[in-house]
Amino acid sequence: MRRTLSRIFTEYGPIAVAVYLTIFVSVLGACWAAISMGWQPTGIGANVGAFTAAYLATKVTQPVRIAATVAVTPLVARAVSRLPGRTPPAPG
């Protein structure tokens, strides 16, 4: 899986990084929101605890996030290349 992810990052560059980070931030935000809605923290330390728990939950989902990045990146790259003003990538 790591080799495939490296190939995706090499082939698609910034688009792959953007896709991975978008998925990461989305999952982190969703985990944090879910934990925050079910848990009534008080004080500043409790909010840090909710974020830490959300980060740990996000790390557990890493294999799924990597698989999603590998699956979605070629589709996003194809869509970006079709935007007006973009030149298609050279065959190779």
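Which residues in H2 meet H4, and which residues in H4 meet H2? On the H2 side, the contact is made by Ile15, Ala16, Val19, Tyr20, Ile23, Phe24 and Val27. On the H4 side, the contact is made by Gln62, Arg65, Ile66, Ala68, Thr69, Val72, Thr73, Val76, Ala77 and Val80. By class, this contact of H2 with H4 holds 13 nonpolar, three polar and one charged residues. The model described here is predicted.

The overall make-up comes next. The protein has four helices and zero strands. Along the sequence, the pattern reads α-α-α-α. Of the 92 residues in the protein, 22% are buried. Among contacts with a separation of 6 or more, 64% join residues 24 or more positions apart.

The geometry of the H2 and H4 pair can now be described. Helix H2 spans residues 14-38. The angle between H2 and H4 is about 130°, and their axes are 8 Å apart. Angles over 145 degrees count as roughly antiparallel, and 65 to 115 as roughly perpendicular. H2 and H4 are therefore oblique to each other. Their crossing is right-handed.

Helix H4 also packs against helix H1. H1 covers residues 2-12, and H4 covers residues 62-81. The two helices pack at an angle of about 25°, with axes 10 Å apart. H1 is thus roughly parallel to H4, as angles under 35 degrees count as roughly parallel. The crossing of H1 and H4 is left-handed. From H1, the residues in contact are Thr4, Leu5, Ile8 and Tyr12. From H4, they are Ile66, Thr69, Val70, Thr73, Pro74 and Ala77. The contact of H1 with H4 comprises seven nonpolar, three polar and no charged residues. Val70 touches Thr4, Leu5 and Ile8, when residues up to four places away in sequence are not counted.

H1 and H2 form another packed pair. Their axes come within 5 Å and cross at roughly 125°. H1 is therefore oblique to H2. Ile8, Phe9 and Tyr12 in H1 meet Pro14, Ile15, Ala16, Val17 and Tyr20 in H2. This contact of H1 with H2 has eight nonpolar, no polar and no charged residues.

The largest nonpolar core has six residues. These are Leu5, Ile8, Ala16, Tyr20, Ile66 and Val70. At least two of the core residues come from each of H1, H2 and H4.

Helix H3 spans residues 43-60 and contains Thr58. Is Thr58 buried or exposed? Thr58 has a relative accessible area of 0%, so this residue is buried. Leaving out residues up to four places away in sequence, Thr58 touches Phe24, Val27, Leu28, Cys31 and Arg65.

Ala34 lies in helix H2. Ala34 counts as exposed because its relative accessibility is 52%, and the cut-off for exposed is over 50%. Ala34 and Ala54 are 20 residues apart in sequence, and their C-alpha atoms are 8.5 Å apart in space. Leu21 is also found in helix H2. With 44% relative accessibility, Leu21 counts as partly exposed.

Pro63 lies in helix H4. Its relative accessibility is 54%, so Pro63 counts as exposed. Pro63 and Arg2 are 61 residues apart along the chain. Their C-alpha atoms are separated by 9.8 Å.

Note on methods
Residues are numbered from 1 along each chain as its sequence is written. This is a predicted model: local features need pLDDT of at least 70, side-chain atom pairs count only at pLDDT 80 or more; totals for chains, interfaces and linings use all residues. Side-chain values use heavy atoms; hydrogens and water are left out. Axes are lines fitted to C-alpha atoms, for helices over the stretch in contact, and angles run from 0 to 180 degrees between N-to-C directions. A crossing is left-handed if the near helix is turned anticlockwise from the far one by less than a right angle, and right-handed if clockwise. Contact means heavy atoms within 4.5 Å. Ala, Val, Leu, Ile, Met, Phe, Trp, Tyr, Cys and Pro count as nonpolar, Asp, Glu, Lys and Arg as charged, and the others, Gly among them, as polar. A nonpolar core is a set of buried Ala, Val, Leu, Ile, Met, Phe, Trp, Tyr and Cys residues joined through side-chain atoms within 4.5 Å. Buried means under 20% relative accessible area, exposed over 50%, partly exposed in between (1.4 Å probe, protein chains only).
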